[in-house]
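Me: I would like to go through this structure by question and answer. Please show the sequence and the model first.

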2 protein chains.
Amino acid sequence: MEQLGSQTWKFTTRPVILGSSAVVGPEEGEGPLASDFDFIYDSLEMGEKTWEKAERALFEKASKLALMNAAVEQEQLEFFVGGDLMNQIISSSFAARKLGVPYLGVFGACSTSMESLAIASMIIDSGGGKYALAGTSSHNCTVEKQFRYPTEYGSQKPPTAQYTITGSGCAIVGRNDGTAQGTQVHVVSATIGRIMDLGLTDPFNMGTAMAPAAADTITAHFRDTGLTPGHYDLIVTGDLASVGLPIAKELLAEEGIPMEQTTFDDCGLLIFNLDKQKYVIAGGSGCGCSAVVTYGHILKRMRKGELKRVLVVATGALLSPLSYQQGESIPCVAHAVALEIGGEGQ
Amino acid sequence: MEQLGSQTWKFTTRPVILGSSAVVGPEEGEGPLASDFDFIYDSLEMGEKTWEKAERALFEKASKLALMNAAVEQEQLEFFVGGDLMNQIISSSFAARKLGVPYLGVFGACSTSMESLAIASMIIDSGGGKYALAGTSSHNCTVEKQFRYPTEYGSQKPPTAQYTITGSGCAIVGRNDGTAQGTQVHVVSATIGRIMDLGLTDPFNMGTAMAPAAADTITAHFRDTGLTPGHYDLIVTGDLASVGLPIAKELLAEEGIPMEQTTFDDCGLLIFNLDKQKYVIAGGSGCGCSAVVTYGHILKRMRKGELKRVLVVATGALLSPLSYQQGESIPCVAHAVALEIGGEGQ
């Protein structure tokens with residue numbers, strides 16, 4: 001591994017995503033990316049007695065499907081790096097119990113997807129292991145209940161609100177043995193974000209709160225790597241949705257980053273059809289959103305040859321209901337991971 | 001970095017703990033390790049309006065003192081790896097906001113101390129950075145309120161209960177430049193634990209729940225490294241306390257690990273005088289406990305030449321109040337980090 005600038009890690013061996021999975025709930029299954037998901041539950045209950053047990057079942061299914069898709073046996077898996085939005089990341093820890101492998105719990109709210117992928121890639125790149133799983137999950141009903149109001153309560157939401165997706169995405173990262181080039185997705189670099197907090201306090205407007213973090217990490221990525229946005233076929237945030245993405249665009253324009261060189265989109269916008277699925281309001285959010293869009297949709301597009309280089313910038317709002325109740329503003333963070341299909345080997 | 005066996009990372013460059021800090025509350029200041037702590041608050045309120053704000057202040061003080069003790073400027077610090085027991089690890093995230101550096105949030109309950117040290121050491125060892133801070137915190141009143149009952153409620157506790165310590169410990173990990181050998185503490189290896197869950201459900205008996213995780217990780221460490229307990233002058237768990245430590249000893253004896261070759265103790269027992277400080281019942285616990293005992297007491301003993309090699313095995317009970325209320329058992333994990341004074345350089 002090599003440090004570029006101050007915040008970016010270049011994974012010199014270019015670890016490979018050997019396989020991945022995206023498992024979602026019924027609403028995501030009605031969205032435009034449905035055909036890219038490995039499994040779609042037809043009910044939010046998923047046959048479990050509580051929402052929390054349902055989220056855990058979702059995470060466990062995704063982790064097993066990722067192993068299957070990667071053709072890696074559970075006994076071969078050496079590390080599990082995961083987290084979620086639940087208090088004490090119980091969905092992840094219970095999934096880790098099922099997998100029975102060494103476990104590193106992480107928390108970055110919705111940035112957990114790329115935080116876990118960055119750490120798993122560091123483990124593989126630096127010789128610390130042969131196979132590592134990075135994964136995360138969210139469930140609409142567990143998150144709404146914990147952070148806002150139980151869905152059953154039926155409270156109204158403002159037009160800036162985002163809809164927590166129900167889904168879990170996992171990726172198996174392995175060593176780059178130089179074979180099968182041109183069809184494999186490599187993890188090339190990661191830019192670790194710092195906390196940005198502009199003093200916003202509204203938990204129904206996460207997109208605005210997180211936009212400065214996304215812009216800061218994207219700016220750092222290009223400063224550290226010396227690249228420009230045109231290097232990537234797609235730069236995707238997760239999840240700024242319809243309110244936050246234009247703000248991030250504006251902030252990046254102020255920084256002089258020529259984002260017009262590339263396609264700049266957001267996982268929270270890609271996963272739903274906002275015109276038809278009105279209930280999602282500003283778009284999707286939740287730990288699982290950038291994970292299922294990346295590990296389902298984007299990796300499939302890369303393998304099909306539609307995208308060669310992608311920068312995924314997962315954003316997290318690191319509030320708790322308690323910090324909000326105590327009048328604190330919302331600290332936000334974004335972590336970026338660069339993915340590339342094929343290219344030179346080790 | 002080199003992988004030993006399946007669960008252990010050998011840090012081949014032997015990163016250095018350039019400086020560390022241990023900040024505690026008044027009860028810990030009355031314990032036998034008082035003189036090893038950098039700062040002792042004289043009240044649990046710490047001049048703040050809520051317990052959560054107090055814990056954050058504690059963490060922020062510890063992170064600043066660690067930088068000072070390491071003679072590293074805040075601007076030089078590149079990564080902050082931290083976590084705590086609060087929902088959404090807010091103490092850590094708010095401390096990260098204050099530090100303004102790239103931030104990786106982690107969660108391993110009381111194993112967070114060694115999880116964060118292992119990840120920070122991996123970053124430095126693999127060339128991903130020059131300076132990384134690993135830290136964690138706990139506050140008796142925030143944890144008791146969140147996991148059990150508010151302290152003010154005055155509920156009684158069974159004799160197996162442990163007392164969450166008030167404290168934050170941070171370490172600055174830096175590159176090993178080969179200078180000042182013999183006086184610096186090196187991070188030599190880390191063994192990442194897997195989840196052990198023997199079906200226990202009593203949140204007032206964490207020591208018993210966590211003992212199998214400690215024993216499993218210690219067994220894995222010796223299997224992976226080929227060493228025996230006699231290699232270490234001290235093996236210390238954190239925190240099994242008076243109930244869990246004897247169980248871990250028994251489990252290790254069953255595994256045939258000759259722990260009698262070394263001193264085998266527990267941070268939750270070291271931090272208090274159980275005979276005098278009756279209110280701690282079975283001993284200390286909490287994210288901060290193994291952190292302040294390691295970064296305050298143990299590193300000082302190492303620098304004085306009293307200990308050459310130490311294995312710190314931090315144990316975490318990964319339950320949430322909700323998982324407990326839903327009848328789930330307590331998944332536990334333990335991460336071990338080996339520290340060594342002096343020895344060969346890079």
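Me: How much area is buried between chain B and chain A?
Reply: Buried area is the accessible area (1.4 Å probe) that two parts lose on being put together, summed over both. Between chain B and chain A, carbon and sulfur atoms give 59% of that area. The total is about 4700 Å².

Me: What kind of model is this?
Reply: Residues are numbered from 1 along each chain as its sequence is written, chains are lettered from A and ligands numbered from 1 in the order in which they are written, and side-chain values use heavy atoms, with hydrogens and water left out. Local features need pLDDT of at least 70, side-chain atom pairs count only at pLDDT 80 or more, totals for chains, interfaces and linings use all residues, and the model is predicted.

Me: Which rotation superposes chain B on chain A?
Reply: Copies are superposed by least squares on the C-alpha atoms of residues with pLDDT of at least 70 in both. For chain B on chain A, the RMSD is 0.0 Å with 0.0 Å of shift along the axis, and the rotation is 180 degrees. That is the relation of a two-fold axis.

Me: Which residue of chain B comes closest to the rotation axis?
Reply: The distance is taken from the C-alpha atom. At 2.0 Å, the residue of chain B that comes closest is Val106(B).

Me: Which residue of chain B meets Asp197(A) in a salt bridge?
Reply: A salt bridge is a side-chain nitrogen of Lys or Arg within 4 Å of a carboxyl oxygen of Asp or Glu. Across the interface of chain B and chain A the rule finds eight of them. In one, N and O are 2.4 Å apart, and the partner of Asp197(A) is Arg97(B).

Me: Where in chain B is the partner of Arg97(A) in its salt bridge?
Reply: Arg97(A) forms a salt bridge with Asp197(B), the closest N and O atoms being 2.4 Å apart. Helices (H or I, at least four residues) and strands (E, at least two) are DSSP runs, numbered from the N terminus. Arg97(A) is in helix α3 (residues 90–99) of chain A, while Asp197(B) is in the loop between β10 (185–191) and α6 (206–225) of chain B.

Me: How far apart are the C-alpha centres of domain 1 and domain 2 of chain A?
Reply: Domain bounds come from an automatic or database domain assignment. Chain A is divided into domain 1 (2–174) and domain 2 (185–341). Their C-alpha centres lie apart by 16 Å.

Me: How much area is buried between domain 1 and domain 2 of chain A?
Reply: Carbon and sulfur atoms give 62% of this area, and the total is about 5200 Å². On the domain 1 side, 16% of what is buried comes from the three residues that lose the most area, namely Gln7(A), Met114(A) and Gln162(A).

Me: Which residue forms a salt bridge with Arg14(A)?
Reply: The rule finds one salt bridge across the interface of these two domains of chain A. With the closest N and O atoms 3.8 Å apart, Arg14(A) pairs with Glu340(A).

Me: What is omega for the cis peptide bond from Gly238(A) to Asp239(A)?
Reply: Most residues other than glycine have a negative phi, and most peptide bonds are trans. Asp239(A) lies in the loop between β11 (234–238) and α7 (241–254) of chain A. The bond from Gly238(A) to Asp239(A) is cis, with omega near 15 degrees.

Me: What is phi of Ala71(A)?
Reply: Ala71(A) is found in the loop between α2 (51–70) and β5 (79–84) of chain A. Its phi is positive in a residue other than glycine, near 55 degrees.
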